[in-house]
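Here is a briefing on charged pairs, strand pairing and domain contacts. Please look at the structure first, then read the points by topic.

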Amino acid sequence: MNTSVESQTHVEADWKASSLAERAVKFTLESAAYFRDLGFVFLEFCVGVVRLKENQWRYTKGLITHQIIFSGIDAIYVVSVISMLVGGVVMVQLLSFSPGFQTDAFLMKVMVGLVIKEIAPIFCSLILVGRSGSAIAVELGEMKVKRHHEALEAMGISMFHYFNIPRIIGLAVANAMLVGYFVVMTLFSWLLISSFHQNIHLAGLLDLLAGSLSLGDVALSAAKGGLMGVIIAVVCVYHGGKVESSATEIPQRTSRAIVDSFLYCFIFDAAVSVGFYVV
Amino acid sequence: MISLKNVSFDSSRGEFRDVNFSLAEGETAVILGPRRSGKTEFLQVCLGLHPYKFGEAFLEGRRLSPSGARSYGHFAGEIGIVTQHITLLDNLTVAANVGLSLSYHKGLGGAEMLKRVAPLLERFGVGHVAEKFPHEITDSEARLAMMARAGVESPKLVVLDEPTAGDLDPAGFMMVMDALSSFNNEGTTLVVATSSPSVALIKYARLYYLVDQMLVPRSAVSEVSDPVASEFFARLKEYRERQSAETSPFYEDFYSDGKNRGRG
């Protein structure tokens, strides 16, 4: 108890003693090192994919399929419910502003742009982080604590090839698929509401939708989701792999992986939106 | 096969100096010593995984770099390694764990892999748990499965770190000892590090004891004034006497001929 109090006091004293500039420099250096490490994980992934031999690919494909089933197919239920609720709520809100909005092309473009291009990839990524990203960080951390990497290495199997490559590819494909479901189920929710709402004419809504939503928009949204899947997987395998020998490191690293994944997905989404639609 | 000449290396217990050790093909060496006496580091020096300062270390005629920069991956298919911790992958069945290297490197499908692995599982006494997952089997079955995994590519050398560690019941212990003897009978070179005196009863084994940061052959232990070592070998002697008198049913199956044939 005394030791922990002393240690805390020591940390506080150090914190007070260091100037703002020192802290800023330290933070910058640590952040640079962190992004460099994440970059190395991605680079190692690219090199690893190229270097996988035919037999190893055969086995890895099975692992990728397994990951896609867990992250993409098993999440259909959650994504369907959330997408219908989100799509429905957005439509109900627009109806409250403008009861005849199905004739308003501008409002329809706002709804499509907001839900299909922005909310769909972000929500799917949040679901992916919660379901799969956390699981990956915990699983990898536990494997490190249990020294499974030593057993794999002894069999000539790289931990990176065995664990990380299928996770990164699997999450990218799964998230692109989830965005696709999200879009389909959102459109379904709109059609469902319109069929029950007396102020909305289904034919008019479909006409406006056809004019506001292109296949390219859906493809771009799915591509954004796929890249967010890569970001989530890279961040989560990095933090899971950073666990050394203590089980207490697993929750610490997992929570960091989740928060960082959220943050980088939002930053990426903003950067793409600004780059693609504004610049 | 393994040769250390005047090797010095650091361990968690301090610096080991002038360690000399040699093991020819087909021989078995048992490295005895209490927990945290440096056994794992010694095994790692033998494999080139741990740095050493002075002397020379050879594995299969090749000089090992003092940097200890090798990784476990260097030995794939050549040396079987059984680590101290249970390292079966949780999401694979026992059979898939044992045949993982065959599936991964050689692209063997499930049925073909099982066909290759089944006799090995039977040989190590874990055929009945082939389709179970690691959390569904006992510690001794997991250790036996790890031994089967180490032997799946018929390596010339198998290195085992604390093969009887964990929660082994007497039957499980006997099964592990049988598995060790199975390697021995196949002519595989075996290095076993253990803190359990009873493992020293393995047939034809050359015994060494790690004491005071030295590797002492069994024959020279009396020259070392270490109370732990003395008590250890006194206990070992007692085991052997009980065994030869056939008063202990515990080891009867293992020593079916009723004689202690160890060379130590």
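**Salt bridges and domain packing**

B:Asp90 and A:Lys146 form a salt bridge, with 2.9 Å between the closest N and O atoms. This pair crosses between chains. The model is predicted. Over all chains, the count is 17 salt bridges.

**The bridge between chains**

- B:Asp90 sits in the loop between strand 6 (79–82) and helix 2 (94–98) of chain B.
- A:Lys146 sits in the loop between helix 5 (105–145) and helix 6 (148–154) of chain A.
- B:Asp90 counts as partly exposed because its relative accessibility is 35%, between the 20% and 50% limits.
- A:Lys146 also counts as partly exposed, because its relative accessibility is 29%.

**A bridge within chain A**

- A:Lys224 and A:Asp269 meet through their side chains in a salt bridge, at 2.7 Å from N to O.
- The pair links distant parts of the chain, 45 residues apart.
- A:Lys224 belongs to helix 9 (residues 215–241) of chain A, and A:Asp269 to helix 10 (residues 249–278) of chain A.
- Are these two residues, A:Lys224 and A:Asp269, buried or exposed? Both A:Lys224 and A:Asp269 are buried.

**Bridges within chain B**

- B:Lys39 forms a salt bridge with B:Glu162, and their closest N and O atoms are 3.4 Å apart.
- A network of salt bridges with shared partners joins B:Asp10, B:Glu15, B:Arg17 and B:Lys53.

**Strand pairing in chain B**

- Strand 1 (residues 2–11) of chain B pairs with strand 4 (residues 54–59) of chain B. The sense is antiparallel, over five bridges.
- Which residue stands opposite B:Ile2 in strand 4 of chain B? The residue is B:Leu59.
- Strand 4 of chain B also runs antiparallel to strand 5 (residues 62–63) of chain B, joined by two bridges.
- B:Phe58 stands opposite B:Arg63 in strand 5 of chain B.
- Strand 4 and strand 5 of chain B form a hairpin, with two residues between them. In the turn, B:Glu60 has a positive phi of about 50°.
- In a regular strand, side chains alternate between the two faces of the sheet.

**Domains of chain A**

- Domain 1 of chain A gives 11 residues to the contact, and domain 2 of chain A gives 16 residues.
- About 1200 Å² is buried between domain 1 and domain 2 of chain A. Carbon and sulfur atoms give 77% of this area.
- In domain 1 of chain A, A:Tyr34, A:Val41 and A:Phe45 lose the most area to domain 2 of chain A. Together they account for 46% of what that side buries.
- How many salt bridges cross the interface of domain 1 and domain 2 of chain A? The count is zero salt bridges.
- Three residue pairs are in polar contact between domain 1 and domain 2 of chain A, both residues at pLDDT 80 or more.

Notes. Residues are numbered from 1 along each chain as its sequence is written. Chains are lettered from A and ligands numbered from 1 in the order in which they are written. This is a predicted model: local features need pLDDT of at least 70, side-chain atom pairs count only at pLDDT 80 or more; totals for chains, interfaces and linings use all residues. Side-chain values use heavy atoms; hydrogens and water are left out. A salt bridge is a side-chain nitrogen of Lys or Arg within 4 Å of a carboxyl oxygen of Asp or Glu. Helices (H or I, at least four residues) and strands (E, at least two) are DSSP runs, numbered from the N terminus. Buried means under 20% relative accessible area, exposed over 50%, partly exposed in between (1.4 Å probe, protein chains only). Two strands pair if DSSP finds at least two bridges between them. Contact means heavy atoms within 4.5 Å. Buried area is the accessible area (1.4 Å probe) that two parts lose on being put together, summed over both. A polar contact is a pair of N or O atoms within 3.5 Å; within protein, one must be able to donate a hydrogen and the other to accept it, and residues adjacent in sequence count only if both atoms are side-chain atoms.
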